[in-house]
Amino acid sequence: MPVTWRGATRELHLHNGRLSLVMAVLENGWLGQLHVGAPLDPAASYRHLGPTDFRGFSNRVDEPIGLAVPTAGSGDFRAPALVVESPDGSGVLDLVYQAHRIVAGKPDLDGLPSTYVEDAAEATTVEIDLADRIAGLRVTLSLTIFEDRPVIARSMRLANEGGGRLVVRTAMSASLDLPDGPWDLLTLSGAWARERRPHRAALLPGRRSVGSLRGATGHQQDPSLFLLRPGTDESHGDGFVVSLVYSGNFLAEAEVGPRGSTRTRIGLHPEGFAWTLEPGASFTSPEAVIAWSSDGLGGLSDALHGLFRERLARGFWRDRPRPVLLNSWEGVYFDFDHDRLVEMARAAADLGVELFVLDDGWFGERDDDTSSLGDWQVDRRKLPGGLGPLAADVEALGLRFGLWIEPEMVSPRSRLFEAHPDWAIGVPGRPRTESRQQLVLDLSRPAVVDHLEAAIAAILESASISYVKWDMNRNITEPYGASLPADRQGEFFHRYLLGTYELWRRLTSRFPEVLFESCAGGGGRFDPGMLAYAPQAWTSDDTDAIERLAIQWGASHLYPLSSMGAHVSAVPNHQVGRTTPLATRAAVAFFGVLGYELDPRALDDAERDEIRAQVAFYREHREVFQRGRFIRLRSPLGRDDAAWMVVAPDRRRAIAAHVQILQRPVPPPDRLRLRGLDPGLAYRVVPWPAPAGGGREPVRRGGDLLLAAGLGLEPEDPSTGAARGDFRARIWVLTAD
Ligand code: GLA
């Protein structure tokens, strides 16, 4: 049993040999947190790690006592995990342990995305009841430890068991008290078209936080944070990652207290949040996942990649090879008709592409982004026969057909808005801020969710559609729920998300074999919450290979390659104007779910041949790219080069890529040390594509040597005459004999 209760010392220990979380009921009944992190022997007591004879903070205020659910106003002046206002208006709580239950497996989280198990033996959950007698509040803390992953999932259920009204002001999904420092904080921050840059800095006394108040997680901050011991690198050193399985307003924060203790909390952003609990009502927080590793950042990424790919993503496509697609957007934008699309699909089929995706512009009268969102009927001017014949023509070419939608939005210029202006979010009597000429529909209203389910289902039933790109191109302003009373507006943002998740749930369960890809102007809602519904996401609107090195590098800290849509587009690149070789664009997009986003009719013969070879190469190695272990080797940030690799689970095959961003004169001798290989195996090392003129015999190298000394990065092989230059990529396939 990976959860041990020691009755004598009232200790609960979650352990699996890879991490431990030890808690104890303190003398005053509060739930203390004694240890989290490195695995400890479950047979021992750790009660001495916590305070002795703790009967509350009286005369010991500011003592850095570890608490599982810290509350406000108690003498622990650090940021609380839970603030609930009692009927008397006070926010002070006295949360006393009542009981706990240890159950096999992992119960579902009501209406919210979460990790899961397929077999009760995969995890053990302990539910701990805490109660405040005066408020009538019961808090059920739920902690799940996975059998073979260094991961704990945590959430909290709040129930009003008293006679008065309670208001939840802060309900953090996770709170971790670490007794000491120093720690570095690493967050993934950015903007549209440059999402998820890792930013790392030593924590100082005080709080440092990232978050969102946009109604979506946003391009700006990922809902996760890493705490790393100084010096921790990709493969060595201790650290945590805490990540929220949620897609809306969030706060992720680390706080160093006056005596150097470090508290981390993550959950719904308390700003503007207030959730009323009438007697008998309950509230469930989103889930947070906590991973620990002593193998550096790479160890943390391994833990989350496995968890997110196998036990957060779900459904038909979870384990299936994802198709290589061609998306129409950068190729033709809004400018298409039936025949042009079929011609594009024909050219795509000739390249070996497997799925043709029609992006924005097929509905209403949408010739640009100023109209028609909400009018999910085919634009007969462009597609006189509708989607059915188009999908049939595409399928006749041997491709599957996919479609773009943006269900949560409405254009003021649309029939939907004319019919239901009150469905758009806004404060009655005040102007509404437009963004990209569009407004957001109020998905906190069940009628809106019902309407969207019917409208989108009608499209998906109208044609043979195998894939949906679900976009979301603006954030929420003038937040206000027209169906909520004035004193419950603090519930609006979370209710919007609950409605959105409900729409995702209904559509993904009605169309279980459709592959859903989430998108929000690129990576504006690429988060663990979305991954529970859509196993892949459009990583960024920036398709430039060099920018993508940084974006995919950053995203890979948390997300597996099987979740990262990555496309080869035309040059000069539409976002940054850069021209990179076609081979380099592919070398970067291989490390994700490969697609093309260009007009294939515009390619010349040489480009067509090259892309045919790229698609064939990716399809041959797709299993390793999409399900192998991804290892970051050299960061593109602040360097002239970058490198990464994937390794098959049995370590018998690996593919490594190196990109020279800028070429410098007289480069020092350089070798790319590989990781993750089996030192006892010998590998054939074959560059891809094969050098012109046939090249030499493939070299054989021991795994030990490749780990210790790596691959030579001398500028190009003089025998092939290949040029030096900026933006050059090299790929090696390593296969064990
Ligand atoms: C967003 C997406 C793009 C594209 C456009 C269409 O920006 O991220 O990929 O679908 O919308 O309007």
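Biologist: How many aromatic pairs does the structure hold?
Modeller: This is a predicted model. Rings pair here if their centres lie within 6.5 Å. On that basis the number of aromatic pairs is 36.

Biologist: Take F363 and W376. Is the pair stacked, edge-to-face or tilted?
Modeller: The ring centres are 4.5 Å apart. The planes stand at 45 degrees. Planes under 30 degrees apart would count as stacked, and over 60 as edge-to-face. The angle falls between those cut-offs, so the pair is tilted.

Biologist: How many residues apart in sequence are the parts that F363 and W376 tie together?
Modeller: F363 lies in the loop between strand 22 (355–358) and helix 4 (387–396). W376 lies in the loop between strand 22 and helix 4 as well. F363 and W376 are both buried. The pair therefore ties together parts whose separation in sequence is 13 residues.

Biologist: Which residues do ring pairs link into a cluster?
Modeller: Ring pairs do the linking here. The cluster consists of F590, F591, F617, Y618, F625, F630, W644 and W688.

Biologist: Now helix 6 and helix 7. Are they roughly parallel or roughly antiparallel?
Modeller: The axes of helix 6 (residues 446–462) and helix 7 (residues 492–510) come within 10 Å. They cross at roughly 30 degrees. Angles under 35 degrees count as roughly parallel, over 145 as roughly antiparallel. Helix 6 and helix 7 are therefore roughly parallel.

Biologist: Which residues of helix 7 make the contact with helix 6?
Modeller: The crossing of the two helices is right-handed. Helix 6 brings V449, D450, L452, E453, I456, A457 and E461. By class, the contact has six nonpolar, one polar and six charged residues. From helix 7 come G499, E502, L503, R506, L507 and R510.

Biologist: Is the crossing of helix 10 and helix 11 left-handed or right-handed?
Modeller: The axes of helix 10 (residues 582–589) and helix 11 (residues 605–627) come within 11 Å and cross at roughly 20 degrees. These helices are therefore roughly parallel. Helix 10 passes helix 11 in a crossing that is right-handed.

Biologist: Is S540 buried or exposed?
Modeller: S540 lies in the loop between strand 28 (536–538) and helix 9 (545–555). Beyond its neighbours up to four places away in sequence, S540 touches A193, E195, G522, G523, R548 and I551. Its relative accessible area is 0%. Under 20% counts as buried, so S540 is buried.

Methods
Residues numbered from 1 in each chain as written. Predicted model: local features only at pLDDT ≥ 70, side-chain atom pairs only at ≥ 80, totals over all residues. Heavy atoms only, no water. Axes fitted to C-alpha atoms, helices over the stretch in contact; angles between N-to-C directions. Helix = DSSP H or I, 4+ residues; strand = E, 2+ residues; numbered from the N terminus. Parallel < 35°, antiparallel > 145°, perpendicular 65-115°, else oblique. Left-handed = near helix turned anticlockwise from the far one by under 90°. Contact = heavy atoms within 4.5 Å. Nonpolar A, V, L, I, M, F, W, Y, C, P; charged D, E, K, R; others polar. Phe/Tyr/Trp six-rings, centres within 6.5 Å; stacked < 30°, edge-to-face > 60°. Buried < 20%, exposed > 50% of the residue type's maximum accessible area, 1.4 Å probe, protein only.
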